[in-house]
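Subject: Structure handover and notes

Dear colleague,

I am passing on the structure we spoke about, with the sequence alongside. Please look it over before reading my notes.

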Amino acid sequence: MDNCIFCKIASGQIPSKKVHEDEDLIAFHDINPAAPVHVLIVPKQHIPTLADCTEQHSALLGKMMLLAPRLAQQLGCGYEADGGDNGSGGFKTLFNTGPDGGQEVYHLHLHVIGGPRPWRGQR
Ligand code: AMP
Ligand code: ZN
């Protein structure tokens with residue numbers, strides 16, 4: 001898509017601080033991080049929002065979701081399970097959809113947000 005900032009990042013036209021790339025996805029640090037770790041997982045294919053996804057995107061969405069904990073681990077904010085609710089670490093995963101969802105960039109992306117608290121505006 002012409003004029004889509006994440007398409008330009010995916011094609012290398014605009015630089016990013018990349019943390020992952022494969023044939024379907026790219027992941028890079030958010031330019032305005034909300035927490036010590038804040039990366040975006042972005043499909044290379046231009047899909048405007050989560051609401052535009054259909055059955056045909058199931059595998060791609062699954063791949064995005066499964067990459068989140070791997071990247072969180074790699075970036076030092078993985079969740080260390082202890083078999084109960086007293087684990088440590090952890091992260092937030094977030095899709096913003098549409099104007100009331102706070103979406104600013106209309107190319108599908110999954111936020112992965114974590115690291116030691118406090119975070120920006122959050123305890
Ligand atoms: P959203 O509100 O879910 O659409 O989030 C868009 C995110 O993209 C925001 O957190 C921005 O800080 C981030 N962002 C916008 N432009 C860039 C860029 N060139 N490189 C990295 N992150 C960006
Ligand atoms: Zn795009």
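This is a predicted model: local features need pLDDT of at least 70, side-chain atom pairs count only at pLDDT 80 or more; totals for chains, interfaces and linings use all residues.

Residues are numbered from 1 along each chain as its sequence is written, chains are lettered from A and ligands numbered from 1 in the order in which they are written, and side-chain values use heavy atoms, with hydrogens and water left out.

Overall fold

Two helices and seven strands make up the secondary structure of the chain, where helices (H or I, at least four residues) and strands (E, at least two) are DSSP runs numbered from the N terminus. Their order from the N terminus is α-β-β-β-α-β-β-β-β. The chain is as compact as a globular protein of its length, because its radius of gyration of 15 Å is close to the 14 Å that the globule rule gives for 123 residues; the radius is taken over C-alpha atoms, and the rule is 2.2 Å times the number of residues to the power 0.38. Along the principal axes, the C-alpha trace spans about 45 × 30 × 30 Å.

Of the 123 residues, 38% are buried, where buried means under 20% relative accessible area, exposed over 50%, and partly exposed in between (1.4 Å probe, protein chains only). Among the contacts (heavy atoms within 4.5 Å) with a separation of 6 or more, 52% come from residues 24 or more positions apart.

Cores

The largest nonpolar core has 19 residues, of which Leu25, Ile41, Met64, Leu71, Leu108 and Val112 touch the most other members; such a core is a set of buried Ala, Val, Leu, Ile, Met, Phe, Trp, Tyr and Cys residues joined through side-chain atoms within 4.5 Å. At least two residues of this core come from each of β2 (25–29), β3 (37–43), α2 (58–74) and β7 (110–114), and α2 gives the most, with seven residues. Leaving out residues up to four places away in sequence, Leu108 touches a set of residues that includes Ile41, Leu61, Met64 and Phe95. There is also a second, separate core of nine residues, among them Cys4, Cys7, Ile26 and Leu40.

Single residues

Two backbone features deserve a look in your viewer. Most residues other than glycine have a negative phi, and most peptide bonds are trans. Asn3, in the segment before α1 (5–10), has a positive phi near 70 degrees, and Asn3 is exposed, with a relative accessible area of 71%. A cis peptide bond with an omega of about 10 degrees joins Arg117 and Pro118, and Pro118 lies in the segment after β7.

In the loop between β3 and α2 sits His57, which is buried at a relative accessible area of 9% and which, not counting residues up to four places away in sequence, touches Gln45, Ile47 and Asp52. Leu75, found in the loop between α2 and β4 (79–80), counts as partly exposed at 25% relative accessibility.

Best regards
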